[in-house]
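Keep the sequence and the 3D view side by side.

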Amino acid sequence: MAKAPILTPQAEDFPRWYQDLINKAELADNGPVRGTMVIRPYGYGLWERMQQEMDARIKDAGASNAYFPLFIPQSYLTREAEHVEGFAPELAVVTHGGGKELEEPVVVRPTSETIINEYFSKWVQSYRDLPLLINQWANVVRWEMRPRVFLRTSEFLWQEGHTAHATYEDARDYAARIHRDVYYDFMVNVLGIDVVLGRKTPKERFAGAINTLTLEGMMRDGKALQMGTSHELGQNFAKAFNTSYLSKDGQQELVWQTSWGVSTRMVGGLIMSHGDDSGLRVPPRLAPVQAVVLAIKGDDAVIAKVREIGDQLKAAGVRVQVDDRTDTPFGRRAVDWELKGVPVRIEIGPRDLENGTAMLARRIPGGKEPVRIEDLVTLLPKVLEEDQALLLSQSRERREQRTSDVSTLEEAAEAAVAGGWARIPWSVLGAEGEAKLAEQAVTVRCLVTEDGGVPETDDAPGALAIVARAY
């Protein structure tokens with residue numbers, strides 16, 4: 001009788017595979033309130049590494065971290081009509097506190113444009129105060145009707161950037177800088193996901209924005225996942241909150257603004273982009289543990305050697321963990337590390353020690369080979385970079401192979417339903433075709449130029465619509 005697989009095969013049931021992997025790799029659990037999640041230590045370790053990489057890039061772009069309250073007066077949201085209309089179905093509202101009914105209900109933060117503008121309007125007085133570049137790492141609540149761990153939860157973790165500028169051009173360029181130099185750079189060069197940079201259609205853009213830039217990734221089942229967004233807010237919130245400044249010419253002017261964010265949804269994207277039927281495959285540049293050194297048996301000499309190797313690799317800059325839990329069977333431990341997607345396993349037993357070798361198991365391309373123990377310190381950095389590049393090339397190859405160029409609405413829908421993406425001229429599709437596709441649960445993910453760039457306007461000549469089913 002064949003042994004049952006640890007995970008449901010992707011080809012059999014991709015959503016079940018996803019949930020199996022989250023459970024078996026000990027990434028997260030469902031929370032006690034519907035739509036919430038408990039992020040377990042290994043899953044949170046992935047998020048922490050994402051935070052570290054993203055935070056460095058955000059600071060390189062000139063933004064500083066701050067923090068704003070979780071509770072927002074309900075009246076703040078009503079000041080920008082399109083914003084409150086867009087978020088109304090997702091709001092969690094507190095009406096009682098301290099055993100009493102509140103004089104004014106407060107909203108649990110769904111996003112912070114309104115409360116941050118309340119303070120920007122106090123902090124910005126002169127052109128000398130601009131640009132004002134703020135980021136916060138926080139949790140937000142958007143009441144989710146169809147929750148799925150990491151992808152759609154009622155509470156999730158994220159960063160949200162908010163900026164104020166003297167001119168439209170400055171704000172536009174900064175939103176594009178975040179889109180390209182922060183998000184795209186991180187997702188391609190760290191996550192190893194070949195995301196597409198694009199512009200959202202008017203129907204899909206952020207409530208209250210004049211433009212939304214997006215990054216779309218193709219998952220292994222061919223669906224799209226919005227990995228992050230950067231918004232030009234124009235002066236909509238500045239008008240609502242009177243966020244203005246005295247210009248060099250002595251005129252009172254409204255600021256121009258941006259907001260931008262990525263969230264724990266990226267953990268879901270990581271799983272669905274790189275995971276296979278054996279578990280996660282974590283990009284080495286992201287991995288909290290890049291290499292695990294396993295003692296096969298509880299031999300004193302073996303234990304001493306794996307600890308020595310662990311120290312040497314750590315000194316060489318490799319994020320390493322020593323697994324000398326020989327009271328747990330080796331096979332079980334090896335499978336657990338495979339599920340967690342650690343890029344490299346270094347396995348050593350008494351026979352290996354006699355031969356001066358270790359068994360090197362590479363999670364990303366697969367396979368094992370013996371290597372000289374003395375070569376590990378110089379070999380591992382090269383192996384990790386090779387495997388990082390392989391994940392990105394696989395992501396790019398999958399997207400290119402499963403993206404079709406089409407010329408009709410029917411062909412676009414067919415390609416999306418079949419589990420791929422379609423490119424179709426926006427001039428052919430238009431808002432009317434977009435609405436028709438939505439009836440088949442197919443959406444326009446973004447608009448791109450023929451050479452893969454981002455269109456400057458919603459109706460830019462030659463713009464192509466990327467059409468897909470999405471998470």
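F120 and W123 sit 3 residues apart in helix α5 (residues 113-123), so about one helical turn separates them. Helices here are DSSP runs of H or I with at least four residues, strands are runs of E with at least two, and both are numbered from the N terminus. This is a predicted model, in which local features need pLDDT of at least 70, side-chain atom pairs count only at pLDDT 80 or more, and totals for chains, interfaces and linings use all residues. Residues are numbered from 1 along each chain as its sequence is written, and side-chain values use heavy atoms, with hydrogens and water left out.

The rings of F120 and W123 form a tilted aromatic pair, 6.2 Å centre to centre with 45° between the planes. Rings of Phe, Tyr and Trp (its six-membered ring) pair if their centres lie within 6.5 Å; planes under 30 degrees apart are stacked, those over 60 are edge-to-face, and the rest are tilted. W123 is partly exposed, at 41%. Buried means under 20% relative accessible area, exposed means over 50%, and partly exposed lies in between (1.4 Å probe, protein chains only). Ring pairs also link F68 and Y119 with F120 and W123 in a cluster. The whole structure holds 11 aromatic pairs.

Rings also meet charges. K223 lies over the face of Y471, 5.0 Å from the ring centre. The charged end of K340 sits over the ring of Y42, 5.7 Å from its centre. Here a charge sits over a ring if NZ of Lys or CZ of Arg is within 6 Å of the ring centre and within 35 degrees of the ring normal.

Now look at the backbone. Most residues other than glycine have a negative phi, and most peptide bonds are trans. A cis peptide bond joins L130 and P131, with omega about -5°. P131 lies in the loop between α5 and β7 (132-141). F150 is not a glycine, yet its phi is positive, about 70°. F150 lies in the loop between β7 and β8 (155-165), and is buried at 2% relative accessible area. A441 is not a glycine either, and has a positive phi of about 60°. Its loop runs between α14 (426-438) and β22 (443-448).

Next comes strand β10 (residues 211-218), where 8 of 8 residues are buried. N211, L213, L215 and G217 point one way, while T212, T214, E216 and M218 point the other. Strand β9 (residues 196-199) runs antiparallel to β10, joined by 4 bridges. Two strands pair if DSSP finds at least two bridges between them. Across these strands, G198 stands opposite T214. β10 also pairs with strand β11 (residues 224-234), antiparallel over 8 bridges. M218 has A224 as its bridge partner in β11. β10 and β11 form a hairpin with 5 residues between them, and G222 in the turn has a positive phi of about 90°.

Which strands make up the open sheet of 5 strands? Their order is β16-β15-β17-β18-β19, with mixed pairing. The edge strands, each pairing on one side only, are β16 (320-323) and β19. From one strand to the next, the twist averages 25°. Strand β15 (residues 291-295) runs parallel to β16 over 4 bridges, and L294 has D323 as its partner. Helix α12 (residues 376-401) packs on the sheet, touching β15, β17, β18 and β19, and its direction makes about 10° with that of β18. Helix α9 (residues 300-315) lies across β15, β16 and β17 (344-348), at about 170° to β15. Contact means heavy atoms within 4.5 Å. Axes are lines fitted to C-alpha atoms, for helices over the stretch in contact, and angles run from 0 to 180 degrees between N-to-C directions.

Strands β18 (residues 357-362) and β19 (residues 368-372) run antiparallel, joined by 5 bridges. A358 has V371 as its bridge partner in β19. R362 is found in β18 and counts as buried, at 18% relative accessibility. Beyond its neighbours within four places in sequence, R362 contacts P343, G367, V383, E386 and D387.

Finally, step back. The chain divides into domain 1 (14-274), domain 2 (291-399) and domain 3 (406-469). Such bounds come from an automatic or database domain assignment. The centres of domain 2 and domain 3, taken over C-alpha atoms, are 44 Å apart.
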